[in-house]
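Me: I would like to go through the ligand sites of this model with you. Could we look at the structure together?

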Amino acid sequence: MPTTAILGLQWGDEGKGKLVDSISAQQDFCVRFQGGGNAGHTVYPEGGKIVLHHLPTGVLHKDCINVMAQGMVVDPLRLIDEIAEVEGRGFKLDGRLFISDRCSITIPLHLTLDVDREAGEKANQIGTTKRGIGPTYADRYDRVGVRAADLLDETSLREALQRAVNVRACQTDGNAPGVDDMLKPLLDVGRKLKGYITDTSLLLAESMKEDKHILFEGAQGAMLDVSQGTYPYVTSSHTTAAGIPSGVGLALMVDKLIGVTKAYCTRVGEGPFPTELNDDIGAKLREAGGEFGATTGRPRRCGWIDLFALRYVCRTSGITHLAITKLDVLSGFEKIKVGVGYEGYDAPGMPADIRRFSALKPKYESLPGWKEDIGSVRDAADLPANARTYLRYLEDFVGVPIGIVSVGPAREASFETHGAPKD
Ligand code: GDP
Ligand code: IMO
Ligand code: MG
């Protein structure tokens with residue numbers, strides 16, 4: 001399969017980074033196509049933990065070329081530090097990192113706008129990562145954004161910054177940085193990034209003609225998609241497979257779409273989460289799963305898996321294979337519940353209206369748990385019988401075959417399977 005995507009199916013943090021890391025050794029390219037520094041993808045290459053925010057996870061494999069495509073928003077001042085960290089760990093990026101000249105640039109003004117809004121009235125808060133994501137995408141679509149190409153030319157950058165300031169500064173408390181505050185640091189960082197900035201859509205088009213293996217790395221998850229998710233409690237990009245063509249600038253269809261879900265569910269930030277557990281079980285999941293945000297350190301809200309929502313997003317994203325992560329975290333739960341629908345709700349999809357969504361009360365099926373530690377299992381057939389039953393139930397409900405199971409954070413702690421194990 002020359003093109004593959006790894007996409008989150010929940011509210012982010014499903015373990016996408018870990019899976020991308022474990023398969024990008026066999027890929028020629030790893031491509032991020034949306035989002036920006038809001039992502040936090042945790043990986044354990046040799047030498048310990050790294051959390052990647054902007055950089056595609058393929059940077060940790062020396063033969064993999066990495067692309068930050070035009071759908072991304074990039075904070076160049078943070079990116080430069082991330083590049084230094086990765087290179088400092090021995091993963092040199094010369095000749096294997098390409099940044100689209102059409103990426104939107106997060107400027108300090110965007111950070112001010114994001115932080116100010118989150119500090120304002122509760123009703124307007126999304127619980128963002130405060131990385132300026134919303135304002136950067138808003139400026140892109142309002143046609144007053146700065147793009148990566150502008151970083152390379154002083155006149156273009158000054159004009160682009162001026163446009164953004166003209167339109168946005170009135171939305172701040174007068175505390176926003178002006179054009180002259182932003183120009184020099186951005187020009188300096190532009191000089192450092194110059195060698196990476198190029199037309200990545202052309203690069204990818206050529207590589208596809210040569211049948212190179214290309215992996216698209218999703219950030220966030222389907223329920224945070226700006227259109228399909230729990231709007232307005234979403235991020236500002238298209239996180240589903242539909243975001244790939246416009247995010248890379250090519251009318252392409254991806255061959256293999258791997259949708260990643262935890263064996264339970266988490267969310268950070270505001271917004272509805274029908275299967276959330278505000279009790280001891282939720283706290284136990286948080287502790288066993290180490291559920292604290294990789295970008296902001298916030299405790300993640302925890303709950304049971306919502307199979308109804310999962311089936312919906314698999315359908316809208318055309319997911320061909322499921323990857324189930326963190327199955328090991330469920331060891332030791334006597335009963336495991338799975339959300340199979342909502343009380344008094346019989347529509348086939350999820351409600352678009354946030355008030356209706358927030359009112360959903362889950363209906364559960366209860367499945368027997370298992371006690372065994374499964375962290376060293378490397379074959380689905382070796383899982384305890386109740387873990388196998390759990391996977392079968394999940395696969396049957398969602399209607400998409402399970403292709404990967406992950407049982408620990410380490411690179412090697414996952415295995416492929418042709419569907420849920422049969423008995
Ligand atoms: P991402 O944003 O989707 O890449 O996920 P994050 O890195 O934000 O969060 C996933 C967390 O779970 C990270 O700390 C991973 O190291 C960890 N992780 C990934 N897969 C597994 C797994 O199968 N089992 C356990 N216990 N941890 C995992
Ligand atoms: P990865 O790629 C989990 C959430 C924020 C907030 C909402 C909007 O690691 O899965 P934003 O900063 O994007 O404007 O915030 O989206 N959010 C994430 N939650 N994982 C992420 O990325 C997220 N990126 C954004 O918490 O609720
Ligand atoms: Mg994350």
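Me: Which helix or strand gives the most residues to the shell around ligand 1?
Reply: This is a predicted model, and in it helix H1 makes the greatest contribution to the ligand 1 shell, with 3 residues.

Me: Which residues come nearest to ligand 1?
Reply: There are 19 residues around ligand 1, and Lys16, Gly17, Thr42, Asp328 and Ser406 come nearest.

Me: And which domains does that shell draw on, with at least three residues from each?
Reply: Domain 1 (3-99 + 199-256) and domain 3 (262-416) each supply at least three residues to the shell around ligand 1.

Me: How do those shell residues divide into nonpolar, polar and charged?
Reply: The shell around ligand 1 holds 5 nonpolar, 7 polar and 7 charged residues.

Me: Where is an oxygen atom of ligand 1 placed relative to the side chain of Asp13?
Reply: An N or O atom in the Asp13 side chain is 2.9 Å from an oxygen atom of ligand 1. Backbone N or O atoms also take part: one of Gly15 lies 2.8 Å from a ligand 1 oxygen, and one of Gly408 lies 3.0 Å from a ligand 1 oxygen.

Me: How much of the accessible area of ligand 1 does the protein cover?
Reply: On its own, ligand 1 has 590 Å² of accessible area, and the protein covers 92% of this.

Me: How many residues are around ligand 2, and which come nearest?
Reply: Ligand 2 has 21 residues around it, of which Asp13, Lys16, His41, Thr129 and Thr235 come nearest.

Me: Which side chains have an N or O atom placed by a ligand 2 oxygen?
Reply: Among them are His41, with a side-chain N or O atom 2.7 Å from an oxygen atom of ligand 2, and Thr129, at 2.6 Å. For Arg298, the distance from a side-chain N or O atom to a ligand 2 oxygen is 3.0 Å.

Me: Last point: how do the residues of the ligand 2 shell divide?
Reply: They divide into 8 nonpolar, 10 polar and 3 charged residues.

Conventions: Residues are numbered from 1 along each chain as its sequence is written. Chains are lettered from A and ligands numbered from 1 in the order in which they are written. This is a predicted model: local features need pLDDT of at least 70, side-chain atom pairs count only at pLDDT 80 or more; totals for chains, interfaces and linings use all residues. Side-chain values use heavy atoms; hydrogens and water are left out. A residue is near a molecule or strand if one of its heavy atoms lies within 4 Å of it. A polar contact is a pair of N or O atoms within 3.5 Å; within protein, one must be able to donate a hydrogen and the other to accept it, and residues adjacent in sequence count only if both atoms are side-chain atoms. Accessible areas come from the Shrake-Rupley method with a 1.4 Å probe; for residues, only the protein chains shown count as cover. Helices (H or I, at least four residues) and strands (E, at least two) are DSSP runs, numbered from the N terminus. Ala, Val, Leu, Ile, Met, Phe, Trp, Tyr, Cys and Pro count as nonpolar, Asp, Glu, Lys and Arg as charged, and the others, Gly among them, as polar. Domain bounds come from an automatic or database domain assignment.
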